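Biologist: I'm new to this one. Could you pick a single spot inside the protein and walk me through what surrounds it?

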Amino acid sequence: MSANLQEKDRRFIWHPYTQMKDFESTDLLMVDRADGVFLYDTKGRRYYDTISSWWCVMHGHNHPIIKQRVKNQLDRLEQVHFAATSHETAVELAEYLVSITPPSLSKVFFSDNGSTANEVALKMSFQYWKINNQPRREKFISLERGYHGDTIGTISLGGVPAFEGPFRPLTFDSYRIPAPYCYRCPAGCPEPEKSSWNTPDEGPFSSLNCSLECLEPLRKLLEERGSTIAAFILEPLMMGAGGIIVYPRQYLSEAVSLCRSHGVHLIFDEVATGFGRTGTMFALEQAAVSPDFLCLSKGLTGGYLPLAATLTTDEIYRAFYADYSEGKTFFHGHTFTANPLGCAAALGSAEVFRRENVIGNLREKILCLQQGKERMASLPHIGDTRGTGMAAAFEIVADKESREPFPAARRVGWQVYLAGLDKGVILRPLGDVIYLFPPLCTTTEQIDDILERTRQSLSEVLASMEGQA
Ligand SMILES: Cc1ncc(COP(=O)(O)O)c(C=O)c1O
């Protein structure tokens with residue numbers, strides 16, 4: 001049965017972010033079922049879902065509250081178009097989202113994935129300036145190593161060269177500025193003291209001993225071209241797909257005030273950081289800042305169904321609010337906008353957050369993960385260990401002194417992934433960065449076990465790299 005599935009998969013399916021040829025000699029991980037923090041394959045083997053099934057399964061699999069909400073919704077309404085039509089579950093969810101995000105965010109535009117949440121924000125910002133008498137504001141700023149999705153619009157603002165692939169000619173021009181990547185500081189500054197990065201109350205870099213010279217390019221760009229810029233898009237506090245790069249919250253608050261002083265919109269992409277990943281419901285809370293657009297997806301439904309939301313301000317909403325003949329309508333939408341099942345799952349996730357005091361109970365787990373991650377620091381080739389909240393990452397380098405990476409063709413991260421499978425953990429790499437993004441319900445005992453299995457997987461592969469560059 002399992003062999004048959006493998007064979008049929010190879011015959012009929014093309015997987016995302018996957019070189020299918022790799023599976024000539026290796027089987028795909030054929031998942032049969034899941035429960036809590038575990039996935040089970042068709043042979044009955046158990047794996048920790050160490051990456052929350054692509055960062056979205058916040059409360060673990062098979063949660064009774066979310067399941068029941070979706071089942072109830074299925075008996076009532078499964079799908080309806082959302083133009084000039086609405087439904088109670090979407091209304092309830094929008095009210096909830098407005099209640100848990102900064103007070104200036106008052107309107108919710110639904111879509112169905114993280115890329116579309118960001119596309120919506122880009123298009124709204126762009127159109128806002130057209131209808132608000134600043135038509136020259138046509139450019140966007142984004143960060144090198146930032147990631148906002150895989151559509152042409154979002155790759156135009158992405159900063160991970162490997163993901164851009166051959167598509168550069170299809171993208172629009174934008175300004176990319178250096179990332180606040182402390183391990184490889186673009187301004188050449190020493191890494192700030194990490195001691196206070198990890199607890200939600202203190203937040204990353206609470207006692208920052210760094211003058212944030214990496215902000216200079218943003219300052220300069222805004223001074224020279226600020227009036228032509230529509231918005232700056234960034235992932236608050238932690239850049240996910242670019243390598244789980246945790247950066248100072250002071251960078252975020254400074255960047256916000258710089259943009260504000262030039263009238264530039266802020267788009268916060270909290271697709272990955274939202275819903276508790278960094279230890280607070282949203283990462284923006286740790287810098288006490290508020291954007292013009294907040295983009296959410298992934299954890300929104302607790303990972304049970306695809307759904308996304310772009311929240312914005314009354315001021316922006318009002319600019320589009322006019323007689324139809326004025327041509328200010330926002331022409332954007334998706335078939336599954338505000339899908340009722342997705343909205344029901346999101347309300348289920350909200351109920352779990354409330355009933356299980358998920359955020360309140362994170363502190364001990366975060367300490368366990370952040371202190372425990374330091375066990376990797378002494379392994380050969382681990383150049384950096386970093387993390388915040390319920391995210392931890394280990395950057396593998398060929399040489400710890402020079403921080404030189406291994407050639408990509410060596411696929412060290414991929415080898416760690418394969419070793420992890422043998423040890424029952426899913427260590428899906430980002431190049432040579434191995435990371436842990438466990439569900440928020442993972443217990444401290446389970447976190448410890450995950451760390452130990454990760455250490456063994458890393459140590460097995462990295463020991464075999466000794467003396468090789
Ligand atoms: C920060 C961020 N933005 C956007 C996206 C894109 O989301 P999706 O894959 O749902 O399109 C991702 C996905 O990993 C992400 O991490």
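Modeller: A quick word on contact: two residues count when their C-beta atoms, placed from the backbone, lie within 7 Å. With that in hand, look at cysteine 295. Ignoring its neighbours within four places in sequence, cysteine 295 is in contact with Ala117, Asn118, Ala121, the run Ile267, Phe268, Asp269, Glu270 and Val271, and also Thr310.

What you're seeing is a predicted model, where local features need pLDDT of at least 70, side-chain atom pairs count only at pLDDT 80 or more, and totals for chains, interfaces and linings use all residues. Numbering starts from 1 along each chain as its sequence is written.

At least three core residues come from each of domain 1 (2-58 + 362-463) and domain 2 (67-355), with bounds from an automatic or database assignment.

Those two domains have centres 26 Å apart, taken over C-alpha atoms. Where they touch, domain 1 puts in 25 residues and domain 2 puts in 24. On the domain 1 side, α2 (52-55), α12 (362-372), β13 (382-388), β14 (391-396) and β15 (433-436) each supply at least two residues. The biggest giver there is α12, with 5 residues.

Of the 14 residues around the ligand, Asn113, Gly114, Ser115, Val271 and Ala272 come nearest, where near means a backbone-placed C-beta atom within 6 Å. Helix α5 (residues 114-131) provides the largest share of that shell, 3 residues.

One last stop is lysine 298, in the loop between β11 (293-296) and β12 (308-313). Its phi is near 35 degrees, positive although the residue isn't a glycine. Lysine 298 counts as buried because 28 other C-beta atoms lie within 10 Å; the cut-off is 20 or more, with 12 or fewer for exposed and partly exposed in between. Leucine 237 has a positive phi as well, about 70 degrees, and lies in the loop between β7 (229-234) and β8 (238-239). Leucine 237 is buried too, with 31 other C-beta atoms within 10 Å.

Terms used:
Helix = DSSP H or I, 4+ residues; strand = E, 2+ residues; numbered from the N terminus.
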